[in-house]
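The following paragraphs lead through a single protein chain, from its overall figures to individual residues. Please keep the sequence and the model in view while reading.

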Amino acid sequence: MFIGNNKLRSRLSVKNILEILFGTFIYSIGINTFIVHAKLLSGGVSGISLIVQYLTGLPAGYTIFMLNIPLLILSYKKIGSRFTFYTILGTASLSLFLVLTQFLDKLINFDDPILLCLYGGVLTGAGMGIVFANHGSTGGLDIISVLMKKKHENFEIGRTNLYINFFIVLAGALFIGLKSALYTLVSMSINSFVLDKTINGFNRRKMLFIITNEEEKISNAIMNDLKRGVTFIQAEGAYTKTNRRILYCVVSLSQIPYLKHLVYSIDSNAFISILDVSEVRGKGFMDDLF
């Protein structure tokens, strides 16, 4: 349905696929090692599936896969084929890993609910963040959240999931008890925080302003060695009244050490200002998330 499309094939990435598999594996470990052991819930479809597992013994992986089928159809129609393919991958691998790692809850020999909800929230949040950062999702409410993110750029996935899941946990309290429901909210809060931090961490960029007397040499070095664009900004020194050009460029976090070495090897007196950038879109950087 999807792989036969040549345009889609060209947009798929082995790196994205492997990292989505890694993310769902981390997520399943968080669920089965900590969340299930503490008899807590997770959000959305996963939370519903855990309720079914607690009541019937049916592994959550099976329920997750079945409940996601109509949402995947919505994803294909409203979001796009690439995201839908990655979501099918995420949903199927999560369902599989949840079944394969179900034995992990027996490895924990303590019942401290704070530790369980803390580590459960961290692992599930990190796993979901890795999946989101690679253009996919684990299905369920993730699809609804991503649809909203596509329409509203400032939409925060983690925080909104927390609001929606609050009502799911209230319903779940009828089955798992009020105490477990309250601990679930703590775990979800941690999950939400780690999710947003993980997504932002994958896309961390740095913006640089460079003042130098060797602007041509440095700009050429950055463009040729780092393959990053450079923009000249006309400026005037407030004290010297000298007109000069300031170099402006954006690079990935990993390129910062080499860029500084490059600049100072050309001009040891160069002035560099480095700023954090929350998001960068354009050639050479983050492509459209969906």
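**A walk through the predicted chain**

Leaving out residues up to four places away in sequence, Thr212 touches Ile218, Arg244, Leu247, Asp267 and Ala270, where contact means heavy atoms within 4.5 Å. The model is predicted, so local features need pLDDT of at least 70 and side-chain atom pairs count only at pLDDT 80 or more, while totals for chains, interfaces and linings use all residues. Residues are numbered from 1 along each chain as its sequence is written, and side-chain values use heavy atoms, with hydrogens and water left out.

Thr212 itself sits in the loop between strand E1 (205-211) and helix H10 (215-226); helices (H or I, at least four residues) and strands (E, at least two) are DSSP runs numbered from the N terminus. With a relative accessible area of 2%, Thr212 is buried. Buried here means under 20% relative accessible area, exposed means over 50%, and partly exposed lies in between, with a 1.4 Å probe and protein chains only. The side chain of Thr212 makes a polar contact of 2.5 Å with the side chain of Asp267, and it also reaches the backbone nitrogen of Glu214 at 2.9 Å. A polar contact is a pair of N or O atoms within 3.5 Å; within protein, one must be able to donate a hydrogen and the other to accept it, and residues adjacent in sequence count only if both atoms are side-chain atoms.

For the chain as a whole, there are 11 helices and 4 strands. Of its 290 residues, 49% count as buried. Among contacts between residues at least 6 apart in sequence, 72% join residues at least 24 apart. The accessible surface comes to about 14,900 Å², of which 62% belongs to carbon and sulfur atoms; these areas come from the Shrake-Rupley method with a 1.4 Å probe, and for residues only the protein chains shown count as cover.

An unreviewed UniProt entry places the feature "transmembrane region" at residues 20-38, 50-76, 83-104, 116-141 and 162-186; the positions follow the numbering used here, feature names are shortened, and annotations may be inferred rather than shown by experiment. In the model, residues 83-104 are 82% helix and 0% strand, with end C-alpha atoms 30 Å apart. Residues 116-141 are 73% helix and 0% strand, and there the end C-alpha atoms are 23 Å apart.

Asp105 is found between helix H5 (81-100) and helix H6 (113-133), and it is buried, with a relative accessible area of 18%. Beyond residues up to four places away in sequence, Asp105 touches Asn32, Thr33, Val36 and His37. Lys39 lies in the loop between helix H2 (14-35) and helix H3 (44-56). Lys39 is partly exposed at 45% relative accessible area, and its phi is near 55 degrees, a positive value in a residue other than glycine.

Which strands does E3 pair with? Strand E3 (residues 243-252) runs antiparallel to E1, joined by 6 bridges, and 6 bridges also join it to strand E2 (residues 231-236), again antiparallel. Strands are taken to pair if DSSP finds at least two bridges between them. Tyr248 in E3 stands opposite Phe209 and also opposite Thr231. The hairpin of E2 and E3 has 6 residues between the strands. One of the residues in this loop is Lys241, which has a positive phi of about 60 degrees although it is not a glycine; Lys241 is exposed, with a relative accessible area of 56%.

Gly229 lies in the loop between H10 and E2 and counts as exposed at 55% relative accessibility. Gly229 and Tyr248 are 19 residues apart in sequence, with their C-alpha atoms 8.6 Å apart. Neighbours within four places aside, Gly229 is in contact with Met223, Tyr248 and Cys249.

Helix H11 (residues 256-266) has the buried residues Ile256, Leu259, Leu262 and Val263. Seen down the helix axis, these fall within an arc of 125 degrees, so they line one face of H11; the arc is that of the directions from the axis to the C-beta atoms. The buried residues of H11 pack against E1, H10, E3 and strand E4 (271-277). Pro257 and His261 are exposed on the face turned away from the buried side.
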